[in-house]
There are 2 protein chains.
Amino acid sequence: MPRAFASDWRDRCRSDRPDPFPMHALKRVERPTTRIEDALVQRKDERESGFNRAGRGDLGERLQREFTRFVPKHPLSGALVTMTGVLGHFVDARAGSSEDPSARAGGMPPLRPAAEHKAPGTEDPAAMARHIKETAYFLRADAVGICELPPYAVYTHGKLDGQPIDLAHKYAIGILVDQDWRTASGFNGHDWISNAMSFVSYSNSAFIACVLAEYIRRLGYPARAHHARNYQVAVPPILLWAGLGEMCRIGDIVLHPFLGPRFKAAVVTTDLPISIDKPIDFGLQDFCTKCKKCAKACPSKAIPDGGKETYNGYERWCADAERCTGMRVGNQNGSGCGTCVKVCPWSKPFTPFHRAVNWTMRNIPAARRLAIWGDDLLGYDKPNPDAKWWLDLEEVDGKLQVPGKSGKRD
Amino acid sequence: MPRAFASDWRDRCRSDRPDPFPMHALKRVERPTTRIEDALVQRKDERESGFNRAGRGDLGERLQREFTRFVPKHPLSGALVTMTGVLGHFVDARAGSSEDPSARAGGMPPLRPAAEHKAPGTEDPAAMARHIKETAYFLRADAVGICELPPYAVYTHGKLDGQPIDLAHKYAIGILVDQDWRTASGFNGHDWISNAMSFVSYSNSAFIACVLAEYIRRLGYPARAHHARNYQVAVPPILLWAGLGEMCRIGDIVLHPFLGPRFKAAVVTTDLPISIDKPIDFGLQDFCTKCKKCAKACPSKAIPDGGKETYNGYERWCADAERCTGMRVGNQNGSGCGTCVKVCPWSKPFTPFHRAVNWTMRNIPAARRLAIWGDDLLGYDKPNPDAKWWLDLEEVDGKLQVPGKSGKRD
């Protein structure tokens, strides 16, 4: 949608309201609403992620085979993941710098290392926090938040090269990009557009992060972009501490108060001195206790319908990563899966009606069951056939064909 | 601005209205409102563009020197042009393919040549036109239009390698990205954010074009992206024939009815059979005859305040390219220049008030002078200080400094 549509651009001229969404209206808290025993949280090894385990065969031969094709088997997600892969080479000045012979051979324009001198006017952390947010919004981000980089958010090893990761940046900037409301209203959660929705957000947040990191380095401060094709950090704890959402029933997912789970994120880590945001509390822990729509709808039964458990220092709903990965990689009737995104009552367009409902869900606990009931009644968990614009296509043996179940909604 | 803000997403579910802007409401015409003697239009040599002439010294030593720094002298436009440069290597399957040794050396994911087999369901040109537009909007384009590729829009030679260009694709898809209304309301037209505004649109439209071309190739049809860092076509005639705007007083510029001149564009050329749009007539030839704001405001006096002339087969207002280039490249009080974008009454946000004024300007010729007068009265040609979010910075001898005239509005 054209950015010129936004009627709220005037808010962005107010020094206390840099965000297009009314983040200023949310309750801020000292610690995330998910209990975290900081001392108990272990850094993760990216090689142990569900996708990586599927790729190396831990989840069986079928998923290992499917892993190489589950994104490119649809031509649009294939095009998007290819271009996201390009951006994996431009996260900092090492890759792509003139000192990098492979990049030099490719004739790529060099990224710059952090400038030797700090730019004048970059000394005030509060002013720089506002400036970095405004810059990210100018670069077409949908939501931005800042936190100190939690040490446990840094992976121990990266999956690309298997090397130990040493990332000592002090701050992290979370950058969210919407997966497109209209497409979300048209899909059933696990059909042929699902991976493309993920990668339109992955690729656009990646591009913003690459530009923003290069900008910060030019201002004289180290900075690195982290995105779907080159992470050194786990994203959820960063979004949580940066006030971009609360942990939700879906599991390892942070839910934004105005986008729901309908986004993907990239991150910039940096040493630029910058004020941080506080975590937010919009009542989601109570809401998710009552709702359970994602648990009911999950095609792989990966989302619990019971209570929270403590895992790796977090007291939260724990999804079954193997089942979730198995569904997304192995889905035979679509490419990927975002059924939890589809059915979540928080994924809505930002219209006056939905803003009013959103306010009610955030502020009136007693009205939450009514909102959940109304969501069912209005059929938001169903695909809207008028909003289906994509082609159901599957690449099999190098040739695109109409998949067997095309058009059938289950 | 978040795309979820758009209240008009429902229109995009109507088969006759794929566009977020109400393009369906515009008068369509058989030929552009600018008279074109097709047989007289000569193909251009990209090496003879104003910027290229400045770069090789035709416009003097000072501009030749400034040419290497006029974009990267500000750190944000510098970061943006660097990442746009990356995308210049990914316009089609030749650059970046596994057959390309330089790309292979860089470890880049290969782009694909057109698939051997055409995808099923891609045979209906009208359906594919709608589908390609919806895909581009999903990829976050702000406006999209389709035309047959006018042979005279193809450059004779490219500036990158100086080789003769042989591009025989039948169709061209124009992709517009907004330069950000809020930033436009804050700048004076030729200060330090001007080039960043250009390149946020260049880079984002480039990314969309690269993904869209790769998608079309996967569907089984040749396609090439054309963008600010790798063109084989001149953009204005394509936008004109694709119904994305009319030629305006600014000169070699197509003005969109809802964005004004506040955009940059990329193009995908292809042989995918696809229905074309018709040119539009929203009264701009009369409006520009009356308005003349851009001519009055142009710091380099490059825009004529008189009538049209015939040049290269087009009867249009002819700007002085050398003066315009000299201002943009040589600007000592900013980076680049978009003063004509700043003062144009058609560059507005898409709010109910401005939609109403826009309708009046399009449909009631007698009200145009009133609209022009009101635009002055409301001060839209002045920078709104509350909307200035960027840092005034200039790189001199490898070090960022606050430019001498920083903050002074002239």
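Mentor: What follows starts with the whole chain, moves to one strand and its partners, and ends with a few other local features.

The model is predicted. Chain A holds 14 helices and 13 strands. For its 410 residues, a compact globule would have a radius of gyration near 22 Å, and the 21 Å of chain A agrees with that. The C-alpha trace of chain A spans about 60 × 55 × 45 Å along its principal axes. Of the residues in chain A, 62% count as buried. Among contacts in chain A with a separation of 6 or more, 77% are between residues 24 or more positions apart.

The part to look at is strand β8 of chain A, residues 263–270. Eight of its eight residues are buried, so β8(A) is largely enclosed by the rest of the structure.

Next, the partners. β8(A) is joined to β4(A) by eight bridges, and the two run antiparallel. To place this pairing on the model, find G174(A), which stands opposite V267(A) in β8(A). Strand β5 of chain A, residues 223–226, is also joined to β8(A), here by four bridges and again in the antiparallel sense.

β4(A), residues 171–178, pairs with β3(A) over six bridges, antiparallel. A143(A) has L176(A) of β4(A) as its bridge partner. Strand β3 of chain A covers residues 143–148, and five of these six residues are buried, so β3(A) too is largely enclosed by the rest of the structure.

Elsewhere in chain A there is an open sheet of three strands in the order β2-β11-β10, with antiparallel pairing. Its edge strands are β2 (35–36) and β10 (309–311), each of which pairs on one side only. β10(A) and β11(A), residues 314–316, are joined by three bridges and run antiparallel. Within that pairing, E309(A) has R316(A) in β11(A) as its bridge partner.

Two backbone angles are worth checking. K301(A) is not a glycine, yet it has a positive phi of about 50°. K301(A) lies in the loop between α10 (293–297) and β10 of chain A. In chain B, R140(B) is likewise not a glycine and has a positive phi of about 85°. R140(B) lies in the loop between α5 (125–138) and β3 (143–148) of chain B. Its relative accessibility is 5%, so R140(B) counts as buried.

Last, the surface and the charges. The accessible surface of chain A comes to about 15000 Å², and 52% of it belongs to carbon and sulfur atoms. Chain A has 57 positive and 48 negative charges, and their mean positions are 4 Å apart.

How values were computed
Residues are numbered from 1 along each chain as its sequence is written. Chains are lettered from A and ligands numbered from 1 in the order in which they are written. This is a predicted model: local features need pLDDT of at least 70, side-chain atom pairs count only at pLDDT 80 or more; totals for chains, interfaces and linings use all residues. Side-chain values use heavy atoms; hydrogens and water are left out. Buried means under 20% relative accessible area, exposed over 50%, partly exposed in between (1.4 Å probe, protein chains only). Two strands pair if DSSP finds at least two bridges between them. The radius of gyration is taken over C-alpha atoms; the globule rule is 2.2 Å times the number of residues to the power 0.38. Contact means heavy atoms within 4.5 Å. Accessible areas come from the Shrake-Rupley method with a 1.4 Å probe; for residues, only the protein chains shown count as cover. Lys and Arg count as positive and Asp and Glu as negative; His and the chain ends are not counted. The place of a charge is taken as NZ of Lys, CZ of Arg, CG of Asp or CD of Glu.
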